[in-house]
Each structure stands twice: as structure tokens, then as C-alpha cells.
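Here is a friendly briefing to read alongside your structure. Have the model open and follow along, topic by topic.

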Number of protein chains: 2
Amino acid sequence: MSSLSRFSIHTITNRPWPVERCLKAYAAAGIGGVTLWRYNFEGRNPAEVGRWIKDSGLVCTGLARGGFFPAPDAAGRQVAVDETWRAIDEAAACGAPVLVLVCGALPGQDLPESRLQTVDGIAACVDHARAAGVRLAVEPLHPIYAGDRSAVVTLGQANDLCDALGSPPEVGIAVDAYHTWWDAALETEITRAGRGGRLFSWHVCDWRVPTEDLLNDRGLMGEGCIPLRRIAGWMGAAGFSGFSEVEIFSSRRWAMDQDEYLAAITAACRRHCLPL
Amino acid sequence: MSSLSRFSIHTITNRPWPVERCLKAYAAAGIGGVTLWRYNFEGRNPAEVGRWIKDSGLVCTGLARGGFFPAPDAAGRQVAVDETWRAIDEAAACGAPVLVLVCGALPGQDLPESRLQTVDGIAACVDHARAAGVRLAVEPLHPIYAGDRSAVVTLGQANDLCDALGSPPEVGIAVDAYHTWWDAALETEITRAGRGGRLFSWHVCDWRVPTEDLLNDRGLMGEGCIPLRRIAGWMGAAGFSGFSEVEIFSSRRWAMDQDEYLAAITAACRRHCLPL
């Protein structure tokens, strides 16, 4: 078992590559898993992609993403639920055990109202997820995205959301270092999530100083200021034993030769994320 | 008394203008106050700028900014304290009742350690501030700045910091809508700050969706998603009766004709911030 066997990579990290190329390259590099993004299914069949993953020897660690539940009216909110059901179906078809949910936010709508609409939206997906054998991972986003992407901006709020749903076993949390590292309550809330059996996913990258773009300037592990090993230690102490998923949105990196970049990623995994 | 008499503008909002021009234009527009930035003193004497403010009929509502206390070693931290003493002296000289403190952060240093160094740094400034008749306003910044500008990223942490200092009456808080609007604990922590007599300043602008630059794309009030009237209501209910200070960093706006921009600012104050 290589030291990278418990790492997974989100295909969007190597966005210039089609999914087939990602699978081959990750497997060849000794990476253990892959998290798909829904754009990977354009022109492809999710079940077929799932077979390619099995053939490659990789573990499918998840699918990104559903959610975006808040909307101005009931019809709009139903569209989001329908779309998330489709994402659940795709996750089941490709063998992804977890669907990542970005909760959504509506510019001009109060954040508490958006969080209530998110609870309702997830509630409308739980039975479908259970029937499909797919778990739902709420991903709290950085407060930088509170305006239009997620009213859930802390791990505490994600835990509250799970509580509000009655803690169904199908609903848990994706902890992303980029979104949560600044939060003084992080260790406490990781412990709380672990107690509830909610630690479904762990995403790693780094926070560059300075960050030059709000969306696509995430850093490779070691390139920024996030204490990754410490947070990973909290995850482990709270009972998480899953994959470390590399998820990096970076215009700079997407412009690179992707084979060279993958070599840098595996080096960064070994240097800045191990031992867990 | 014009309806704008309880508004103040930070000179950096009209960065292309020298301070003399700001004072004339704000007074002519019926704005009641001005908050200076230290760059306003380049080639000028703070006491002289203070006289210009008095002559203009404006109230000086503050000076930005001191702080940036964390540093790798004691010598570096002393440099920050010395610089903040100088800023206190300048505030006293120009008649600013409050010096705004941006607390600082050090890439790679743990945020709790940076917060401890911030407590020590402020502690080393309290006597000097008291003697000068200047109050110190800790400004919690948005978590987007946790990497390199402020380890204090919530109003709760600013309150904790005041507690850790023993709640001296010279130390309070500047609540900035841009930095704090996303925080579910905001109302609670405003109430807590009000109880402690800590609500020194209230800064307004807006959060644009999408925000295109991490530093200089703040919105004019009404241009974004911050519930300004609601937060102002919380400030008032907590006992704050000071000025609403317009503080907008915006490359787009700095490129405009500044007289036209000032007209847009006063219109936005009337439309989106009144009545308090």
C-alpha cells in the first residue's frame, strides 16, 4: 500500500483533463481515490464512468455537487431539489458513496432564511438518498461566499443543520480546510460532528497569502497558511478515518502542464499531509 | 441639522482627493464628520489638519489605523507598539477621539498565538492612549483576511480580547458591516459589546455579489447584500448613538469623478442607511 493510497483527488483539480485521463494518471501516481464532479458526465454515462473507476483500481470517494437550495419561490426551490435528486441518482450510478452539497445563498435574502430553506431542501432529499444508498455531505463554505453560494459558513452551522434535520444517518458533513481553517470553534465542532457520526469527507488545499482571486486561487498544500496537519489530527481524533481529498481550484495551476502539476500534488501530499 | 449630519466619511473612500479637498467637499455636502487615514498626514502636520477640520465645521470621528501587532520576535512586536504610539499621538494632535486598530496576523503563525500577541500589543498601548485622551477601537476583520491582516475575525473575538485586557474604558470596538455581516452571532455580540460600553465606531459599505477583488471591490451602500438597516438597528438597540462612517475601498469608484461619486454616496446614505 503506497503512502498515497488514502488520498483522493477531485477531478476539478485537474480541470483541463477529461475524466478518463484523470483516472489513469491518479492510479499511475499511486493515488487511492477520486472524487468526481458532475461535469465529468457530460457526454458520458455515470454508470460507465463508475466502471472505468473500478477498472482503474481507484476508489470513488464522492461526487460534487448538489444543493443550492434557497430560491425566491417554492417553484425555484423545487428545481433545486429535483436537480439534487438527479445528482443523487448519478452518485449511485457511478458508485460515489457521498454527494457533496453546497447549500446555496440568495443575494438579498437573510442568511437565517436561506439556512431554513436549506434544511427544507435537504429534508426533501433524505429519503431519496437513503433509497439510492448515497449519503449527503453538507459542506460549510468560507464566509467569503455568504453572499451568493452558501448561507452555511461555519462547521457549527452545518452541525446545527444536521440537528435540525433530526440527525438522519444519511446526512453528514464535508470539512474543507480552505473554508474552515480560520474558525476558532473548528476543533470543538469537528469533535461534535464526530460524535454524531457526521464526518463524511475531508478536503485539503491551502490558503495563499495574498489570495488573488475569490474563487480560483486556492493553494497547493504547503503553499499557504492553513495548519493542515493539525486540523487532520482533529479529524482523526474525532474518529474520521477516510480519504484526504485534494480539491484545488486554481487558474494558475490549470494553466500548467497537468502531469507536472500532479507530480507537485503528490509531493505536497507526502510532505504536508502525512502522517495523518 | 441635515439628515446627513450623523454620517462621516473615511478619507480613503475618496482616495484620489487630498485631505483638504475631502474636508471641503464633505462639509459642502452636509456630511457631519470625517475619519482620517494616516496617509493624510504625509507632508502635513496632524495638528494643522485638525484645525482644518474644525474650520470646516466637520467632526473628526477617528483615525485609521494602528495595530498589526503580531510579529516573529519581540523586537518586531515592539516596532508595532511604537508605531501605534505614534498613531495615538497623531490622533490626539488632529483631534480624533478614536484610533482604529487592525490587529494583524502572521502567515504561518497560529491564529490563537497572534491573538495573544495582539492582547499584549494593545496592553502596551492603553496607558499611552489614556494619557493622550484617545480611545482604541479594535476592528474585527472578515475571515478573508485571517491569513495576513487580522487574527481577530469575529466580533466575539474582539469582545474576548477586550475581556482579556480587563475591559479598560479606553479599549472598544469598531463594528464594520463589511467584515461582520455574515456572522450569525452578530446581534448577540453587538449586544455584549454595548453592555461593556465598547461600541466606539460603526462603519458602513456593502458586499458586492460577485466581489471581484479581495481588497478593493467594496460596494456602495445598497449595491450589495448586507442588511445595513437591520445591523444599524442592533447597534442602536445596544446603545450606540455615534456616526455612521462610510468606508469604501473600491478601485472602480476611485477611477470615477470624485464629485459625482460623493453625490452617489450621499444619496446612498439617505436611501439605504436612514433612518437609523
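In this predicted model, A:Arg115, A:Thr118 and A:Val119 of H4(A) meet A:Gln157, A:Leu161 and A:Ala164 of H5(A). By class, that contact has three nonpolar, two polar and one charged residues.

**H4 and H5 of chain A**
- Helix H4 covers residues 111-132 and helix H5 residues 155-164, and their axes lie 10 Å apart.
- The two helices pack at an angle of about 50°, and H4(A) and H5(A) are therefore oblique to each other.
- Their crossing is right-handed.

**H1 and H2 of chain A**
- Helix H1 (residues 19-29) packs with helix H2 (residues 46-56) at an angle of about 15°, with the axes 10 Å apart.
- That angle makes H1(A) roughly parallel to H2(A).
- H1(A) contributes A:Val19, A:Glu20, A:Leu23, A:Lys24 and A:Ala27, while H2(A) contributes A:Val49, A:Trp52, A:Ile53 and A:Ser56.
- Sorted by class, the residues of this contact are six nonpolar, one polar and two charged.
- The crossing of H1(A) and H2(A) is right-handed.

**The nonpolar core**
- The largest nonpolar core has 170 residues, and those with the most contacts inside it are A:Leu99, A:Val138, B:Leu99, B:Val138 and B:Ile173.
- Among the residues that B:Ile173 touches are B:Val138, B:Leu155, B:Cys162 and B:Phe200.

**Where the chains touch**
- Chain A and chain B bring 21 residues each to their contact.
- On the chain A side, 14 residues are nonpolar, five polar and two charged.

Definitions and conventions:
Residues are numbered from 1 along each chain as its sequence is written. Chains are lettered from A and ligands numbered from 1 in the order in which they are written. This is a predicted model: local features need pLDDT of at least 70, side-chain atom pairs count only at pLDDT 80 or more; totals for chains, interfaces and linings use all residues. A nonpolar core is a set of buried Ala, Val, Leu, Ile, Met, Phe, Trp, Tyr and Cys residues joined through C-beta atoms within 7 Å. A residue is buried if 20 or more other C-beta atoms lie within 10 Å of its own, exposed if 12 or fewer, and partly exposed in between; C-beta atoms are placed from the backbone. Two residues are in contact if their C-beta atoms, placed from the backbone, lie within 7 Å. Ala, Val, Leu, Ile, Met, Phe, Trp, Tyr, Cys and Pro count as nonpolar, Asp, Glu, Lys and Arg as charged, and the others, Gly among them, as polar. Axes are lines fitted to C-alpha atoms, for helices over the stretch in contact, and angles run from 0 to 180 degrees between N-to-C directions. Helices (H or I, at least four residues) and strands (E, at least two) are DSSP runs, numbered from the N terminus. Angles under 35 degrees count as roughly parallel, over 145 as roughly antiparallel, 65 to 115 as roughly perpendicular and the rest as oblique. A crossing is left-handed if the near helix is turned anticlockwise from the far one by less than a right angle, and right-handed if clockwise. Lists of a residue's contacts leave out its neighbours within four places in sequence.
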